[in-house]
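Visitor: I would like to learn how to read a model like this one. Could we go through it together?

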Amino acid sequence: MIKIGLTGGIGSGKSTACEIFASLGIPVFHADLEARRVQNSDSLIKSQIIELLGANAYNQEGLMDRKLVASRIFSDKLLLTQMNQIVHPAVRKSFKGWVLQNQNAPYVVYEAAILFESNSVADFDQVILVVADQDIRIKRVVARDHVEEEQVKMRIENQMLDREKIKLADYIIDNNEVELLYPQILKIDKSIRENGKIR
Ligand code: ATP
């Protein structure tokens, strides 16, 4: 199975790009959604998070208080690393099982905000990076999530810079303008189908 990683900074347009891959019949695994699922429903993961961040990391319904957790981990690099060390292996395990269920697809896409940062590149045959200018990304996330600019900037500071990620990616999608997205993805889809594993 050809496994394609798709990444990009916050608000770069990963989900929007993935919707187009899905419309082409490509199964897409959303690592950040799966992370949320395990954080809320995997009892071992929950207990490890409580050990790391304290009982108030979860509300009375047993759901992770994402706002509180984000404010803690995105202002403390060690906590962020430890949190990723808890959640990442569980997500990878889910992905492996999911791949087995999608054996008939020409290839699959794994969407994750951090891929280079979590040293996961070796798990994929090719990696696609979605980029957009920082001010555009901030405006899009503020409009989408109704959050303060500062919160978006804090997330950006914890992610690798695009100019570093560009050197490591096999394909770059420029998502500064919406009409550019579809033709770029069609071209990449064709190339993946033709070239398959290039590493
Ligand atoms: P996150 O890292 O927060 O998960 P993301 O990289 O998945 O974000 P999207 O959710 O796809 O980014 O895009 C962020 C917002 O910008 C969304 O509201 C989306 O509809 C919008 N958007 C994405 N691409 C474009 C574009 N080319 N033109 C205008 N708006 C866009």
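Visitor: What is the order of the strands in the open sheet?

Guide: A word on the source comes before that: this is a predicted model, in which local features need pLDDT of at least 70 and side-chain atom pairs count only at pLDDT 80 or more, while totals for chains, interfaces and linings use all residues. Residues are numbered from 1 along each chain as its sequence is written, and side-chain values use heavy atoms, with hydrogens and water left out. In general, strands of a sheet pair through backbone hydrogen bonds, either parallel or antiparallel. Here five strands form an open sheet in the order β2-β3-β1-β4-β5, and the pairing is parallel. Strands (E, at least two residues) and helices (H or I, at least four) are DSSP runs numbered from the N terminus, and two strands pair if DSSP finds at least two bridges between them.

Visitor: Which strands stand at the edges?

Guide: β2 (28–30) and β5 (171–174) do; each has a single partner strand, so one side of each is left without a neighbour in the sheet. From one strand to the next, the twist averages 25°. β2 pairs with β3 (residues 108–111) over three bridges, and F29 stands opposite Y110 in β3.

Visitor: Which helix packs on the sheet and touches β1, β2 and β3?

Guide: Contact means heavy atoms within 4.5 Å, and angles run from 0 to 180 degrees between N-to-C directions, with axes fitted to C-alpha atoms, for helices over the stretch in contact. Helix α5 (residues 77–100) touches those strands, and its direction makes about 165° with that of β3. Helix α9 (residues 181–195) touches β1, β4 (126–131) and β5.

Visitor: How many residues surround the ligand?

Guide: Counting residues with a heavy atom within 4 Å, there are 14, and K14, S15, T16, R144 and N175 are the closest. For polar contacts, look for N or O atoms within 3.5 Å. A polar side-chain atom of K14 is 2.7 Å from a ligand oxygen, and a backbone N or O atom of G13 is 3.0 Å from an oxygen of the ligand.

Definitions and conventions: A polar contact is a pair of N or O atoms within 3.5 Å; within protein, one must be able to donate a hydrogen and the other to accept it, and residues adjacent in sequence count only if both atoms are side-chain atoms.
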